[in-house]
Amino acid sequence: MAVGTDGQQADRTPLIYDRSHPGRRGVRLPAPDVPALDEAALLGPALARTTPLGLPEVAENDVVRHYTALSQMNYGVDTGFYPLGSCTMKYNPKVNEWVAALPGFQRIHPLQPESTVPGLLELLASMESILGEISGMDAVTLQPAAGAQGEFTGVLLMRALIRARGEERHTLIIPDSAHGTNPATAAMAGYGVAVVPSNVRGGVDLAALRGLVNGDTAGLMLTNPNTLGLFEDEILEIADVVHSAGGLLYYDGANANAILGEVRPGDMGFDVVHLNLHKTFSTPHGGGGPGSGPVGVKAVLEPFLPGPRLQRAPSGALSWDDNRPQSIGKVRSYYGNVGIVLRALAYILSHGPDGLREVAHTAVLNANYLRARLADRYPTRYDRSVMHEFVLTLASQKERGASALDVAKRLIDYGVYPPTVYFPLVVKEALMVEPTETESKETLDRFADALAAIDQEIDASPEALKTAPHHTPVGRLDEAEAARHPNIRWSAGGGPPESTGP
Amino acid sequence: MRYIPHTAEDRAAMLAALGMSDTLSLFDDIPAAARMGRPLRVPGPLTEMELQAAMRRDAAKNRSVEDLVCFLGGQFYDRFIPAAVGALAGRGEFATSYTPYQPELSQGTLGVIYEFQSMMVGLTGLAAAQASMYDGASAVAEAALLAMDATHRLTIVMDRAVFPESRQVAVTYVTARGGRVVVPAPDQSLDELLASLVETPAAVVVQQPDVLGRVRDLRPLAAWAHERGALAIAAADPVALALIEPPGRMGFDVVVGEGQPLGSGLQYGGPTFGFFCVQDALVRRLPGRVVGATHDGSHKRGYVLTLQAREQHIRRERATSNICSNHSLNALQATIYLALLGPEGLREVARLSTAKAHYVVDRLTALPGFRRMAPEAPYLYEVALRVPGSVADLNRHLLDRGILGGWDMGRWDRAWAGGWQLAVTEQRTRAELDQLVEAVAAWR
């Protein structure tokens with residue numbers, strides 16, 4: 001690790017605190033043009049701060065070198081292939097960043113009068129109707145900040161409708177292959193979880209589902225295509241079973257990249273859907289967010305959506321309507337992640353209807369092509385054509401001495417970000433691969449060649465896997481140690497931080 | 001499409017490898033009855049040149065704080081952001097990465113989060129922080145859920161002067177979990193409510209400084225809560241914490257807040273981030289990601305996601321929260337912002353804002369009928385004023401003169417009808433402050 005460390009000690013990832021030097025500053029502010037205040041006198045001894053702030057003291061040049069060095073220890077879609085299953089790491093167009101940064105969008109306070117932001121409100125209204133069209137829903141809220149918050153919103157909407165019908169239901173049904181957010185969301189909303197198993201084809205076991213539904217069933221949370229990358233081809237029957245029991249269908253939109261322009265959740269029988277704008281509509285994942293999780297609903301659920309809602313006056317002017325007596329309430333401050341919504345809108349406008357369908361077709365083509373390229377050494381558990389992603393099982397590699405994790409770590413030496421490992425839980429030694437539509441045939445071929453080479457290494461040079469990765473700033477890190485003795489903040493001296501309990 | 005690299009030959013070769021003639025057959029699992037059967041009715045496609053022109057046109061229809069003088073606050077402030085924040089946070093290695101599941105390729109993001117946690121711990125005076133929440137409001141809500149789980153109680157007492165956006169989101173979250181939020185009546189103080197309370201709450205939640213601008217000694221409240229086995233939770237403005245003793249040092253168990261003032265643009269309210277800090281005993285109840293230091297096989301220091309046994313991807317329905325993606329990029333912006341400013345710079349931002357606010361409020365309250373709503377406590381750079389007449393009318397008058405006046409507090413809460421909430425940042429010049437006073441004086 002010689003790059004960009006500016007002579008810093010190389011036995012650790014450097015911290016900004018390591019560069020701190022008392023008296024240095026990165027920013028100077030203008031001299032006061034009003035009389036100065038003595039804050040100690042203003043606040044008095046009980047309120048004035050006596051505790052040090054614990055911030056580093058560095059020059060701008062230090063800051064720029066440090067974060068540039070850190071960025072060089074990171075891998076993004078801009079760096080290379082990032083086939084992280086279920087996360088849809090497609091290329092993030094630069095023009096979308098340009099759009100969100102326009103001062104007329106960026107430098108707008110959320111409490112500005114509507115009359116000062118007509119251009120922005122028109123775009124938000126337009127995005128609501130576009131997402132409604134894409135998902136087959138009647139109304140959309142842009143408020144949820146992320147997919148998980150969209151799920152939470154959706155589940156509360158379902159409960160609100162069920163209560164409006166004069167019923168109380170306490171159980172949500174969730175497949176064993178579901179994202180962890182689904183059961184966590186159900187619990188957050190106070191629901192019990194009933195797990196429906198997968199059948200031999202990797203889909204929801206319809207017979208088991210029939211046995212699970214009853215008068216206590218609030219609904220089913222389902223991802224389609226599911227986390228195995230398989231389309232639930234019995235979806236209409238599934239919807240019928242849930243609806244017949246008086247329950248509702250929730251669509252987890254994490255995998256919507258596969259279906260754009262071909263099929264819509266609303267036409268499959270879903271009542272509520274969230275879309276992850278950072279996945280399907282290509283906003284940068286930001287090292288773990290921000291995302292955006294708009295929620296679409298059928299008309300019957302519209303009265304319960306979080307407020308405020310955009311309303312159009314007879315004059316055509318848009319404004320926010322907060323008079324929503326049946327609303328589940330707000331889930332986030334103000335109007336959601338507007339900057340992310342604008343990027344996603346720019347992406348959709350760039351593509352148009354045919355372009356969006358081509359996105360889905362190419363994502364599915366890439367996944368199937370790559371799966372076929374890998375099939376002789378790395379099987380999928382279910383022998384079906386897949387949608388946008390697939391899950392390899394490395395059970396045979398495991399028998400030969402290499403775990404899915406070993407193979408993933410060795411892939412790093414070949415210059416790619418490893419696929420998702422050990423998820424979904426229903427597949428042994430799972431490696432979940434989502435190539436996305438923005439990767440070329442050559443990239444896919446190189447990835448397949450790398451996995452083939454690694455498979456040969458398992459027998460020929462097993463140490464190469466066990467000790468991988470070899471060219472990263474750090475080797476495999478001791479995660480057990482990190483959890484046993486948590487060191488989760490810097491302290492002067494570098495030892496374990498002292499307790500600062502009250 | 002311009003982001004899909006395939007040529008017709010590529011497609012043909014790939015389809016041939018699959019023994020297929022077109023991609024449509026890859027969708028055969030979709031039942032015919034559910035198929036769309038028609039093109040999507042969405043606008044586009046636009047070339048990049050057309051897109052830029054269209055978006056520039058739409059952006060130009062809005063009046064930004066670049067051409068209006070902004071006195072709006074409400075947890076979002078028109079603060080100065082040094083150019084280095086955007087230049088560094090915009091680097092593709094940061095912006096186009098995801099949750100650092102593979103630490104060897106993510107030491108940048110992980111190192112930043114460790115620094116971010118350290119800085120938040122420093123600001124709040126508590127022991128531990130996590131990697132960020134969606135915003136301040138959902139951080140308040142999740143803090144309330146943490147208290148319900150930690151105490152096995154269902155009632156959250158929340159001061160009325162907690163910012164309304166946070167109060168509303170907390171009500172949504174708490175009632176969803178089967179709890180309730182109790183707020184003082186309009187004519188009741190928090191102390192009066194606490195004295196009249198029958199059941200023991202899970203937590204007491206206050207804002208510091210609060211929506212009226214008050215900075216208060218929170219120590220008695222922490223003591224009241226702890227005597228009853230309840231948690232003390234504060235929502236705090238991070239810039240204010242540069243000047244005031246942090247709630248973590250006043251005995252509070254949880255300190256959360258809105259992070260926008262630390263280097264995130266206004267962007268009509270998002271994306272931004274929330275911070276979430278706790279005392280030692282609550283570390284394993286934190287929602288969301290936490291980064292810890294450890295070492296590799298050759299004893300080299302590195303950073304990993306840790307304490308994951310709290311999280312949804314491991315614990316599923318027994319997780320502390322369902323949060324998955326957080327607002328890492330905004331937390332990165334905050335980390336860079338705070339590194340650039342340092343302790344003295346952050347104090348200066350708070351001091352300048354406070355001096356300017358007092359300058360303009362002293363002049364406004366010298367006008368007939370203008371007075372502070374809560375003169376009993378000191379304020380910094382955000383304050384509630386009572387105005388002689390309709391706040392909406394005053395703001396229309398100001399907007400005609402290029403000024404975004406303070407927020408009409410009656411639109412938040414009828415208890416504050418006639419209240420005008422004014423925020424002053426370091427970016428306001430004396431000329432702009434004088435312009436506001438002059439315009440207000442000319443009203444009616």
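**A helix pair, a domain boundary, a sheet**

Modeller: Let us start with α11(B) and helix α13 (residues 430-441) of chain B, which pack at an angle of about 20° with their axes 10 Å apart. Axes are lines fitted to C-alpha atoms, for helices over the stretch in contact, and angles run from 0 to 180 degrees between N-to-C directions. Helices (H or I, at least four residues) and strands (E, at least two) are DSSP runs, numbered from the N terminus. This is a predicted model, where local features need pLDDT of at least 70, side-chain atom pairs count only at pLDDT 80 or more, and totals for chains, interfaces and linings use all residues. Residues are numbered from 1 along each chain as its sequence is written, while chains are lettered from A and ligands numbered from 1 in the order in which they are written.

Colleague: How are α11(B) and α13(B) oriented to each other?

Modeller: Angles under 35 degrees count as roughly parallel, over 145 as roughly antiparallel, 65 to 115 as roughly perpendicular and the rest as oblique. The angle here is about 20°, so α11(B) and α13(B) are roughly parallel to each other.

Colleague: Which residues of α13(B) make the contact?

Modeller: Two residues are in contact if their C-beta atoms, placed from the backbone, lie within 7 Å. From α11(B) come B:K356, B:Y359, B:V360, B:R363 and B:L364, and they meet, on α13(B), B:L433, B:L436, B:V437 and B:V440.

Colleague: Which element gives the most to the side of domain 1 of chain B that touches domain 2 of chain B?

Modeller: Chain B has domain 1 (69-81 + 342-441) and domain 2 (84-336), with bounds from an automatic or database domain assignment. Their contact takes 24 residues from domain 1 of chain B and 24 residues from domain 2 of chain B. On the domain 1 side, α11 (328-364) and β12 (382-386) of chain B each supply at least two residues. With 5 residues, the most comes from α11(B).

Colleague: And in chain A, which are the edge strands of the sheet?

Modeller: Two strands pair if DSSP finds at least two bridges between them. The open sheet has 7 strands in the order β1-β7-β6-β5-β4-β2-β3 (chain A), with mixed pairing. Pairing on one side only marks the edge strands, β1 (139-141) and β3 (192-196) of chain A.

Colleague: How many residues of chain B are in contact with chain A?

Modeller: On the chain A side, helix α12 (residues 338-374) gives the largest share, 21 residues. In total, 173 residues of chain A meet, in chain B, 177 residues.
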